[in-house]
Amino acid sequence: MPVPIAVPNPPANADLKKSENGTMQDALDKKLQETSALKENGENIKNNLKNATADFLSGESKVPTKMMKMSDGKEDTMVDAAVLTKLEEGFAKLQASNSKSLLKKYLTKEVFDNLKNKKTPTFGSTLLDCIQSGLENHDSGVGIYAPDAEAYTVFADLFDPIIEDYHGGFKKTDKHPASDFGDVNSFANLDPNNEFVISTRVRCGRSMQGYPFNPCLTEAQYKEMEEKVSSTLSGLEGELKGKFYPLTGMDKAVQQQLIDDHFLFKEGDRFLQSANACRFWPSGRGIYHNDNKTFLVWCNEEDHLRIISMQKGGDLGEVYKRLVTAVNEIEKRIPFSHDDRLGFLTFCPTNLGTTIRASVHIKVPKLGANLAKLEEIAGKYNLQVRGTRGEHTEAEGGIYDISNKRRMGLTEYQAVKEMYDGIAELIKIEKSM
């Protein structure tokens, strides 16, 4: 299916008169002409914009007029001078820095000059919206986000090589395979004697069809999405049955319990804040967990949904089976954004495709004494080694967070299998040392 064009609800006080339809049609038609200059997969955007035009003329459009024309009636196709200035200054500083980010690696002067004056058709997102986090945080590993789904096409000259690099060779000509969770009963316990694996966790990200990503969401949309998620999760039964906790107005005792359980996400991540992903906090944000505290859903943190299955020990089979059951149940009620080439669409290009991240907290003191060797072995299985609390943290007590790195060009089952095989090998080597 094509890249979904997420369109926001119009302001409550909008008064679109019939006489404006002609002007709006002209503006949208010109937008369609502009998209024809994009690369092959830009046809997806073009088709969706045609649908948006038809919806508008039938009175059902939610396309924001501010993206279509300015107050003087002229189309807003130019990137603001202040934005261009910030881009030029940020680019110069990034190039002069010792940043190891993928952004710096692939944002050449040629690519920069080619993209700096472009905007996404529906939301008017610029190159600055995509890379401002990486421009402000030179210690980023990647440094780029997609403010809306169209950014993956409009700014493909930058996104594509970063995606290929991060996901182990997923080229711009490649197509992500169809979703396949495989045999959910095929994974055994990685550490039946509980010697090495502290806990096991498998999560995936999902975006709700019909909505843009964080930087383009309105406060009303955040609240609307939270209500949809809350009502959907309240219908889960059996092992998944639990309770939804909105961040807005959260009771202090509940808040402390969620912190103690290491469930509560909070505002303050500088990488996300720089990407303009924390607007209207805490509106529209919430956390759900089941009664056993082995299943968790984050609403509107980095992605619309983060669906998480976890438990103590190394029984990957139980954890994976629970996640698959939950994802299938939620998708029956909430359609997810999906693209034929890129797979499931999310805010960060590292989480496209399967969006699956299967990880363990593992204590391997002998391997950990030589971090370079640990990372070398992990790399052979496409695994990523992080600190105890994830990205940008240190290992606490010699405990590492190790997960699959590739999420594109392979199925969900294959992604989890890479983690399973790699962790089994690390445990085998640790025992032999």
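How many bridges join strand 3 to strand 4? Four bridges join them, and the two strands run antiparallel. The legends below start from the sheet that holds this pair.

This is a predicted model, in which local features need pLDDT of at least 70, side-chain atom pairs count only at pLDDT 80 or more, and totals for chains, interfaces and linings use all residues. Residues are numbered from 1 along each chain as its sequence is written, and side-chain values use heavy atoms, with hydrogens and water left out.

View 1. Helices (H or I, at least four residues) and strands (E, at least two) are DSSP runs, numbered from the N terminus. Two strands pair if DSSP finds at least two bridges between them. Axes are lines fitted to C-alpha atoms, for helices over the stretch in contact, and angles run from 0 to 180 degrees between N-to-C directions.

**View 2. Strand 3 and its neighbours.** Five bridges join strand 2 to strand 3, and this pair runs antiparallel. Gly 242 has Asn 290 of strand 3 as its bridge partner. Towards strand 4, Tyr 288 stands opposite Val 297. Gly 286 is bridged to Cys 299 in strand 4. The hairpin of strand 3 and strand 4 has four residues between the strands, and Lys 293 takes a positive phi near 60 degrees there. Five of the five residues of strand 3 are buried (under 20% relative accessible area; exposed is over 50%, partly exposed in between; 1.4 Å probe, protein chains only). Strand 3 is therefore largely enclosed by the rest of the structure. Gly 286, Tyr 288 and Asn 290 lie on one side, Ile 287 and His 289 on the other.

**View 3. Strand 4 paired with strand 5.** Strand 4 (residues 295-299) and strand 5 (residues 305-312) pair in the antiparallel sense over five bridges. Cys 299 has Leu 305 of strand 5 as its bridge partner. Phe 295 is bridged to Ser 309, also in strand 5. Five residues lie between the strands of this hairpin, where Asn 300 takes a positive phi near 60 degrees. Which residues of strand 4 point one way, and which the other way? Phe 295, Val 297 and Cys 299 point one way, Leu 296 and Trp 298 the other way, and all are buried.

View 4. Strand 4 and strand 5 pair over five bridges. Contact means heavy atoms within 4.5 Å.

**View 5. Helix 3 crossing helix 6.** Helix 3 (residues 81-96) and helix 6 (residues 127-136) pack at an angle of about 35 degrees, with their axes 10 Å apart. The crossing is left-handed: the near helix is turned anticlockwise from the far one by less than a right angle (right-handed if clockwise). Val 83, Lys 86, Leu 87, Gly 90, Phe 91 and Leu 94 in helix 3 meet Leu 127, Leu 128, Ile 131, Gly 134 and Leu 135 in helix 6. By class, this contact has eight nonpolar, two polar and one charged residues. Eight of the 10 residues of helix 6 are buried. Among the partners of these buried residues are helix 3, helix 4 (102-106) and helix 5 (109-115).

**View 6. Cysteines without a disulfide.** The structure holds zero disulfides (pairs of cysteine sulfur atoms within 2.5 Å). The closest cysteine sulfur to that of Cys 216 is in Cys 130, 9.4 Å away and too far for a bond. Cys 216 is buried, with a relative accessible area of 18%. Cys 204 is also buried, with a relative accessible area of 0%.

Methods
Ala, Val, Leu, Ile, Met, Phe, Trp, Tyr, Cys and Pro count as nonpolar, Asp, Glu, Lys and Arg as charged, and the others, Gly among them, as polar.
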